[in-house]
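Please examine the structure shown below before reading further.

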Amino acid sequence: MTAPPHRNTTSSGLARVYVAAARLLHVPPEGYVGLLGLAPEHLNDDLCRTPTSTVVRLAELATARAPWTMLSLALAKESRFGALGAWDYLVPSAPTPLEGLRDASACFASVGDPSTDALGISEDGRQITVGHVNQADVAYEAGNAISAYALGVYLQRLSSAVQRDLVPLRVTLAAETPRRHDSLIELFGTRAIEFEAPVSSLTFLASDLEGPNPAAQPGLSAVLKRHAEQTLAASVPLHDWLDLFRAALASAYEESTPTLAAVARRMAAGTRTVQRRLEEHGTTWNGELDSLRRSHVTRLLRGTGLGVDRVAARTGYADARTLRRAVKRWYGTTPAALRRGPLPRARQP
């Protein structure tokens with residue numbers, strides 16, 4: 001089974017949180033500005049997916065300058081409501097905080113990397129435990145900070161949902177006991193923190209999470225989940241040079257009909273260099289542009305009610321007839337059939 005293209009990446013919103021925390025802890029920027037995915041045009045583009053390795057490296061650099069407990073608090077402080085996109089609104093918009101957590105767990109990939117981390121929920125009578133699964137060793141400080149931060153964000157979003165400061169019955173962390181943990185007491189609002197536990201988790205009274213959300217809006221959860229799924233499907237994961245090229249092409253495409261020269265300028269490279277690198281990756285300029293157009297056309301036909309003429313105009317085709325020929329070449333069908341039925345497999349060029 002082929003791994004999802006967003007595997008080993010996180011949202012750019014999450015990457016921005018890590019960069020902000022690194023600045024807060026005075027990590028020298030020369031240590032991270034060159035990391036893949038941190039160029040401004042990628043970091044500030046919500047459709048770009050930052051390599052998980054970049055985010056982890058930021059955490060490592062931060063824990064080299066400050067205790068991991070301070071990093072977890074700094075990350076949480078930089079995760080203001082809305083910083084993580086649509087995912088942030090899933091918990092408070094659901095009928096109950098518990099249902100919102102389940103929605104957040106189902107959409108975890110829209111913000112984090114499900115190949116390394118996960119949100120788990122277990123119910124035991126009058127208590128509900130929210131766990132953060134991370135395979136890092138208990139002595140790995142960057143991993144400890146990430147797990148504690150994740151729990152802190154869950155607590156923040158739950159508190160936003162119920163419109164009061166929730167205090168967990170207990171906190172467990174799969175981390176070695178730190179020399180001091182004042183930052184964690186501030187993060188979780190309790191001293192009931194257990195270290196060197198099997199898993200990192202928060203435990204609440206079931207009654208705290210099963211009551212109605214004061215700001216719940218019927219139907220909004222479904223819209224948010226669909227938006228998160230569509231954003232993930234349209235995202236550009238940055239794994240290597242080809243991903244950077246595709247991000248630059250997509251950005252240029254959003255502004256106008258892109259040219260090779262315009263995309264090369266965005267990448268601070270010459271056109272011959274870009275063409276050579278594309279050949280090294282087994283592709284071409286025309287092939288990449290056609291693939292991007294196919295993706296955009298498919299998304300507009302299946303996700304909007306725009307007529308074929310409007311879709312053609314918005315995707316760089318001269319008219320509806322030209323667009324119909326392209327759809328026939330890609331899928332062997334018509335725009336109307338593509339809009340109505342299951343998505344067919346794209347033909348190989």
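The account below treats strands, then helices, then aromatic rings.

This is a predicted model, in which local features need pLDDT of at least 70 and side-chain atom pairs count only at pLDDT 80 or more, while totals for chains, interfaces and linings use all residues. Residues are numbered from 1 along each chain as its sequence is written, and side-chain values use heavy atoms, with hydrogens and water left out.

Helices (H or I, at least four residues) and strands (E, at least two) are DSSP runs, numbered from the N terminus. Two strands are said to pair if DSSP finds at least two bridges between them. Strands of a sheet pair through backbone hydrogen bonds, either parallel or antiparallel. Strand 1 runs antiparallel to strand 2 (residues 48-51), and 3 bridges join them. Within this pairing, Thr9 stands opposite Pro51 of strand 2.

Further antiparallel pairing involves strand 4 (residues 127-134), which is joined to strand 3 (residues 117-124) over 8 bridges. Ser122 has Thr129 in strand 4 as its bridge partner. The hairpin formed by strand 3 and strand 4 has 2 residues between the strands, and Gly125 in the turn has a positive phi of about 65°. Strand 4 also pairs with strand 7 (residues 200-205), in the antiparallel sense and over 6 bridges. There Thr129 stands opposite Thr203 of strand 7.

Attention now turns to the helices. Two packed helices are described by the angle between their axes and the distance between the axes. Axes are lines fitted to C-alpha atoms, for helices over the stretch in contact, and angles run from 0 to 180 degrees between N-to-C directions. Helix 14 (residues 285-303) packs against helix 16 at an angle of about 105°, with the axes 11 Å apart. The two helices, helix 14 and helix 16, are therefore roughly perpendicular to each other, a term for angles of 65 to 115 degrees. Among the residues that meet here are Asp290, Arg293 and Leu301 of helix 14 and Leu323, Val327 and Trp330 of helix 16. Helix 14 also holds Leu292. Leaving aside neighbours within four places in sequence, Leu292 is in contact (heavy atoms within 4.5 Å) with Leu249, Ala250 and Tyr253. The C-alpha atoms of Leu292 and Tyr253 are separated by 8.6 Å, although these residues are 39 residues apart along the chain.

The aromatic rings complete the picture. A search of the whole structure finds 6 aromatic pairs. Rings of Phe, Tyr and Trp (its six-membered ring) pair if their centres lie within 6.5 Å; planes under 30 degrees apart count as stacked, over 60 as edge-to-face and the rest as tilted. The ring centres of Trp87 and Tyr154 are 6.4 Å apart and their planes lie at 50°, so this pair is tilted. Trp87 lies in the loop between helix 4 (68-78) and helix 5 (90-93) and Tyr154 in helix 7 (residues 141-162), so the pair ties together parts that are 67 residues apart in sequence. Both Trp87 and Tyr154 are buried, meaning under 20% relative accessible area (1.4 Å probe, protein chains only). The pair of Tyr317 and Trp330 is edge-to-face, at 6.3 Å centre to centre with 70° between the planes. Tyr317 is buried, as is Trp330.

Conventions. Buried < 20%, exposed > 50% of the residue type's maximum accessible area, 1.4 Å probe, protein only. Parallel < 35°, antiparallel > 145°, perpendicular 65-115°, else oblique.
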